[in-house]
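The sequence and the model are shown first.

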Amino acid sequence: MATSTGTISSSGIGSGLNVDDIVTKLMQVEQQPLVALQNREAQYTSQLTTLGTIKGTLSSFQTAADALKASGATAAYKVSSSDASITGSANSTSAAGVYNVSVTQLAKAQRLATAGQSTLGTIIGDGTPTTLSLSFGSITGGTLDNVAGTYTGATFTADPARTPVQIQLDNTDNTLEGIRDAINAANAGVTAAIVNDGSASPYRLTITSNSAGLQNSVKIGVTGSAGIATLLANDPAGTQNLQQTQAGADAKLTISGLAISSPTNSISGAIQGVTLKLTALTTDATISIDSDTTPITKALQGIVDAYNDVNTAIKGATGLQQILQGDSTTVGILNRLRSSLGAILGNSTGSITSLSQLGVTFEKDGSLSFDSTVAQGAIQAGPDAVAKAVASFGTSLSTLTNSLAGSGGALNSRTDGINASIKRLSDQGDALSVHLTQIEARYRAQYTALDVLMASMQTTSNFLTQQLANLPKTSNSGN
């Protein structure tokens, strides 16, 4: 409080009036609408966070649905082999069975090599523009000299489905390196490389067919430089200037006594729905094709776990006194998922029409449970029907989830609405903050003026009191 001498205290300019305290308390009342806006904004922000968590569980559910679809499309059978040199895979078109397999020849790609050159930069020919013509086909008949790598009396039959490849050379390409680079740049169906064999003329150009099999052998014609022709011209039925270091060959095997030939070591379709991969010669290998329960049961467990996560997240968020209590969008999403999981396949021609036939059932609390024994029994009894069913369910569940949580879905629309509300509240809060600043300034000015006035009145009062005290006293002695 101010003294009679007019000293200004910290609580007021002169009167002792606590302006700061008065204004603070008045502003606490004025700020209540702003606090209400901030509380509503915080609530909306919490809702966004919760919706983000729910969206994450839906994303995981869609991944699980895609995995369920894939398990039906690619996995119904497994291939077992008694010999590690034969491996295999099967798709849903296969059938259970046991086969004896013997491999007598592996598919190989033809390899050719030139005569040696003393240096990598040795000029070959006279620089005349030269054309290499590479034709692909099969070499049959005649006799192969395994040491010289050349044929006598053989026939080359060109593959009519493959057009010969022309490669142009000039005086910038007439070294081993230049020829190698020109061949590789042409993507002609062969790969050229240079090998050093350690001899007096060690550098040799090798040409390897990019595809295995008898039908992918190569014939090389040369027009132009005689020197390049002497190095590269090679006709298995005529002049052969290249050494064949490996003949092109088809894989040869028997499956249950039946002869099979393949240009590659990957044998598809010889056993329906099965691909065998050969890595070595073998006799009497046993190949078994059996129903495979693992991929589908794993995918079913995955969809159950993913749904339970969605169920927990939505029920936890929409329950009594929770941040999304009674929210129709999220409750509706859960209801649609439940309906789809319990649906009956109307377009299925197989015996499996519901997930409950595969051990997927609802519990009293709304969660899903999975009995893998039921699923395994169904797969073993009818793998094709199960594969079709899970592929169909996976497709429908993935499509539904995308429509709910994807772009333009119900969840995104709900999120967009909340973001719009937050933006609106933020704008209102900014405007109200400006208004409150003005109100506070007015209050402070008013009460500061009041403080000054009260200080002035106090000074006047003190002055009058002093003056009255100095007036002469009257006597009442009776004179």
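## Helix H1

In this predicted model, Val 19, Val 23 and Met 27 are the buried residues of helix H1. Seen down the axis of H1, these buried residues fall within an arc of 55 degrees, so they line one face of the helix. Helix H9 (410-469) is included in what covers the buried residues of H1.

The length of H1 can also be checked. Helix H1 comprises twelve residues (residues 19-30), and at 1.5 Å a residue it should span 16 Å. The C-alpha atoms at its ends are 16 Å apart, which agrees with that expectation.

Strands of a sheet pair through backbone hydrogen bonds, and the pairing is either parallel or antiparallel.

Strand S2 and strand S17 (residues 274-278) run antiparallel and are joined by five bridges. Within this pairing, Ala 90 has Val 274 in S17 as its bridge partner.

## The partners of strand S3

Which strands are joined to strand S3 by bridges? Strand S18 (residues 282-291) is joined to S3 (residues 97-105) by six bridges, and the two run antiparallel. In this pairing, Gly 97 stands opposite Ile 289 of S18.

Strand S14 (residues 251-255) is joined to S3 by four bridges, again in an antiparallel arrangement. Here Val 103 stands opposite Leu 253 of S14.

## Nonpolar cores

The largest nonpolar core has 45 residues. Those with the most contacts inside this core are Leu 58, Phe 61, Leu 300, Leu 337, Leu 358 and Val 386. Several elements each supply at least two residues of the core, among them helix H2 (32-74), helix H6 (328-341), strand S20 (368-370) and helix H9. Helix H5 gives the most to this core, with eleven residues.

What does Val 386 touch, not counting residues up to four places away in sequence? With that exclusion, Val 386 touches Ile 296, Ile 352, Leu 358, Ala 378 and Ile 379.

Terms used. Residues numbered from 1 in each chain as written. Predicted model: local features only at pLDDT ≥ 70, side-chain atom pairs only at ≥ 80, totals over all residues. Heavy atoms only, no water. Pairing = 2+ DSSP bridges. Expected span 1.5 Å × (residues − 1). Buried < 20%, exposed > 50% of the residue type's maximum accessible area, 1.4 Å probe, protein only. Arc of directions from axis to C-beta. Contact = heavy atoms within 4.5 Å. Core = buried A, V, L, I, M, F, W, Y, C linked by side-chain atoms within 4.5 Å.
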